[in-house]
Amino acid sequence: MRTVYLNGQFIAENDAKISIFDRGFMFADGIYEVTAVLGGKLVDAEPHLARLRRSLAELALVLPLDDDALLAVHRQLIARNALCEGLVYMQVSRGAADRDFLYPPADTPLTVALFTQDKAVLDSPLAKRGMNIIGLPDMRWGRSDIKTTQLLYACMTKEQAKARGADDAWLVKDGWVTEGTSNNAFIITRDGAVVTRELSRALLPGITRGALLALVQEHGLQLDERAFTLEEVKNAAEAFVTSSTSFIYPVVTLNGQPIGDGTPGPLTQRLRRLYIDHALAGSV
Ligand code: PDD
């Protein structure tokens, strides 16, 4: 049984209880982070904490724990669960209060919960075989840049992808791909440019995306931060996604049609290796 963290305590997962009045439960009034763990260490910890701060600020949540304390909780949890490879999930909600759309008084204690999950991040079947994706309309709210726990539409689209025999969906708004259900979307054009949509309120500023873009530039590859259409995906040489739980997964088909030659592309595989080297070197 795992040891989890809830509101200042490390306890057995079966003993961790949250009120039915918790606003995370009633309104999805909360934010979260997912940080990968390799060799018992956190990958890209600093930018994850920075994005957590941004999410908290956007929702006017005031967390009485500084970055050092949060890092210490993450590390304790990894140690107590002897986690070698996988992830740490952290969620902060506005806490328990009588049901009211208005925020409760500012002194209402937030709910802070963390748990670990075992996952083979490096040796993943999807990294080898690549993902089959479908295009679906992006019907999420207008602040997809905030990492809130309001993920129902992502769950619905992933279910739909599964029902159609695919692994995942890329979401399309006004004719342009925004991102995947739980990852950022990339294509590589036939002339070798790495293309991903520029940041805005329409997509999550992925930490893996940010780290990869720095690597792309460092290695002198051509980078084009702009929106693209499904038509461009169909005609691309390669495609892939980035996220903390996948790092980089190739995307090999769109709506049943092969992208490039329909196998994981060489530049995608090189970028995955570069990202893994970066992750191993920078983990803390
Ligand atoms: N999802 N876009 C969306 C909508 C996401 O949910 C995620 C991450 C990403 C990639 O962000 P990052 O590189 O920081 O993980 C992009 C996490 C892994 C999840 O919800 O489990």
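Where is T181 found? T181 lies in the loop between β9 (176-180) and β10. The model is predicted.

**T181 and its surroundings**

- T181 has 8% relative accessibility and counts as buried, because the cut-off for buried is under 20%.
- A polar contact joins the side chains of T181 and D168, at 2.6 Å.
- Apart from neighbours within four places in sequence, T181 is in contact with A154, T157, K158, D168, A169 and L171.

**Nonpolar cores**

- In soluble globular proteins, nonpolar side chains tend to be buried together.
- The largest nonpolar core of this model holds 24 residues. I31, L63, M90, V92 and L114 have the most contacts inside this core.
- At least two residues of this core come from each of β3 (30-38), α2 (45-58), α3 (67-80), β5 (86-93) and β6 (111-118).
- Helix α3 gives the largest share of the core, with five residues.
- I31 touches L52, S55, L56, L59, L61, M90, Q91, V92, I146, K147, T148 and T149, when residues up to four places away in sequence are not counted. M90 and V92, both touched by I31, are also listed among the core residues with the most contacts.

**Aromatic pairs and a charge over a ring**

- Seven aromatic pairs turn up in a search of the whole structure.
- The ring centres of Y89 and F115 are 4.7 Å apart with planes at 20°, so this pair is stacked.
- This pair links distant parts of the chain, with Y89 in strand β5 and F115 in strand β6, 26 residues apart.
- Are the two partners buried or exposed? Y89 is buried, at a relative accessible area of 17%, whereas F115 is partly exposed, at 26% relative accessibility. The two fall into separate classes because buried means under 20% relative accessible area, and partly exposed lies between that value and 50%.
- F186 and F240 also form a stacked aromatic pair, 4.6 Å centre to centre with 15° between the planes.
- Distant parts of the chain are linked by this pair too: F186 belongs to strand β10 (residues 184-188) and F240 to strand β13 (residues 238-243), 54 residues apart.
- F186 is buried at 0% relative accessibility, and F240 is buried at 0% as well.
- Y89 and F115 form one aromatic cluster together with Y32.
- The charged end of R94 sits over the ring of Y103, 3.4 Å from the ring centre.

**Ligand surroundings**

- Which residues come nearest to the ligand? Of the 18 residues around the ligand, these are Y32, R51, E179, T208 and S244. Y32, one of these, is also a member of the aromatic cluster with Y89 and F115.
- An N or O atom in the side chain of S244 is 2.7 Å from an oxygen atom of the ligand.
- A polar backbone atom of I207 is 2.8 Å from an oxygen atom of the ligand.
- A nitrogen atom of the ligand lies 3.4 Å from a backbone N or O atom of S182.

How values were computed. Residues are numbered from 1 along each chain as its sequence is written. This is a predicted model: local features need pLDDT of at least 70, side-chain atom pairs count only at pLDDT 80 or more; totals for chains, interfaces and linings use all residues. Side-chain values use heavy atoms; hydrogens and water are left out. A nonpolar core is a set of buried Ala, Val, Leu, Ile, Met, Phe, Trp, Tyr and Cys residues joined through side-chain atoms within 4.5 Å. Buried means under 20% relative accessible area, exposed over 50%, partly exposed in between (1.4 Å probe, protein chains only). Helices (H or I, at least four residues) and strands (E, at least two) are DSSP runs, numbered from the N terminus. Contact means heavy atoms within 4.5 Å. Rings of Phe, Tyr and Trp (its six-membered ring) pair if their centres lie within 6.5 Å; planes under 30 degrees apart count as stacked, over 60 as edge-to-face and the rest as tilted. A charge sits over a ring if NZ of Lys or CZ of Arg is within 6 Å of the ring centre and within 35 degrees of the ring normal. A polar contact is a pair of N or O atoms within 3.5 Å; within protein, one must be able to donate a hydrogen and the other to accept it, and residues adjacent in sequence count only if both atoms are side-chain atoms. A residue is near a molecule or strand if one of its heavy atoms lies within 4 Å of it.
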